[in-house]
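Work through the exercises below with the sequence and the 3D structure at hand. Try each task before reading its solution.

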Amino acid sequence: MSVKKIDAPEFEAAIKSGVAVIDFNATWCGPCRMLAPVLEELSEEMASKAAFYAMDVDDNPGIAARFSISSIPYVAIFKDGVRVDEQIGFVPKEQLRAFVERNID
Amino acid sequence: MEQRYDIAIIGTGPAGVSAAITATARNKRVLLLGSTSTSDKVSKAHQIRNYPGLPEISGEDLAGRFLDHLKKMEIPITDRKVTMIYAMGEYFSLQIDQDFVEAKTVILTTGVSFGKPLPGEDENLGRGVSYCATCDAALYKGKEAVVVGWAPKEESDARFLAELAGKVVYLPVYKRADEEAMKDPLFPDRPNIEVRKDKPKRILKKDGRMVLETESGEIQTDGIFLLRESVSPDKLVPGLELDGNHVKVDRSMATNLPGMFAAGDITGAPYQYIKAAGEGNVAALSAVAWIDRA
């Protein structure tokens, strides 16, 4: 599994069941560019535990507004459709892993 | 792409200079970032009495010696500001303005000049408070923002933000060299920037909007940008572990992030030039060992 890029029409299906990690980003955002390869690695290593998605906030302003995202990168964890945790800004891989792990049980 | 540096050293005080000298002597490819006049804390010292071999040397002379030493070893100083350092795993990525530079290891020697955050700042960081106008500007398309600038160079970021935002209130928290110039409009070509001479006090959220309390009142807005000369080390390096206000290091000057080291005042007291220089030496040797491992 790798990080799957999605847009608004696919959003509901993506978060509907299980654990979904969604990286909200934009092409002009430096920290987002740095975080992308880290998430890519994690998505491979944690493929059996969570599904990883990426969404461009410029292309999907409605979703960004719905979750009051005011700073990116913004990584949210959804569990069966409900947002249960969030992480703002870049974090090194092991800390990001711990962030995802603590939301899986 | 530019070749990856072996060691990026941030800061040109005694710790940074010492680290650069040792790393270069060990044949590593070094990028030394900081002020080309070394540290003000050195150059403005009246007299230093405990630096071995240099009794009663003035701060200005010691700074001169540091620069001579770098020159002799052909180590250039790159005078550019690092806004963020990302631990990518096998290497580090340094954001310098809009450019990215890569290094296998990093030595932080930026001293302890960072101030205290405003009340409400940490809690709202990323939730309406930002340190980077160029990073988050697009999220403020058509909205209102307040920019607090601690140096004149932040005026360009306010200007950049105003290209996208509907309205920008700019608070210069510095004295301009020429007070007369204050009478001239700062942004004559940008009618949507309002300049206010005021001091920020506190940040809070009210009815879903951001509020900046100032000495003379409060400003309601969508986002608050705080643009300081230097930020605390854990904001410069996401994920870096601190010990109080200082970077947590072990005896090899290693931080919690593999490949990142710290030296000098940033690691804690005593704030002594010779202690900083000694730690810079240890950090450089540790970085060399890290690069040459396996």
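Predicted model: local features only at pLDDT ≥ 70, side-chain atom pairs only at ≥ 80, totals over all residues.

**Exercise 1.** Describe the side of chain A that touches chain B.

Solution. 
- Start with the contacts: 16 residues of chain A meet 19 residues of chain B, where contact means C-beta atoms within 7 Å.
- Next, look for helices. Helix 2 (30-45) and helix 4 (93-101) of chain A each supply at least two residues to this side. Helix 2 of chain A gives the most, with 3 residues.
- Last, sort by class: the side of chain A that touches chain B has 9 nonpolar, 5 polar and 2 charged residues.

**Exercise 2.** Trace the strand pairing in the open sheet of chain B, then in the hairpin of strand 11 and strand 12 of chain B.

Solution. 
- The open sheet has 5 strands in the order 7-14-8-9-10, with parallel pairing. Strand 7 (129-130) and strand 10 (193-195) of chain B are its edges, each pairing on one side only.
- Within this order, 5 bridges link strand 8 (residues 144-149) to strand 14 (residues 223-227) of chain B. V146(B) has I224(B) in strand 14 as its bridge partner.
- R202(B) is bridged to E213(B) in strand 12 of chain B.
- Between these strands lie 2 residues, and D207(B) takes a positive phi near 50°.

Definitions and conventions:
Residues numbered from 1 in each chain as written. Chains lettered and ligands numbered in written order. Contact = placed C-beta atoms within 7 Å. Helix = DSSP H or I, 4+ residues; strand = E, 2+ residues; numbered from the N terminus. Nonpolar A, V, L, I, M, F, W, Y, C, P; charged D, E, K, R; others polar. Pairing = 2+ DSSP bridges.
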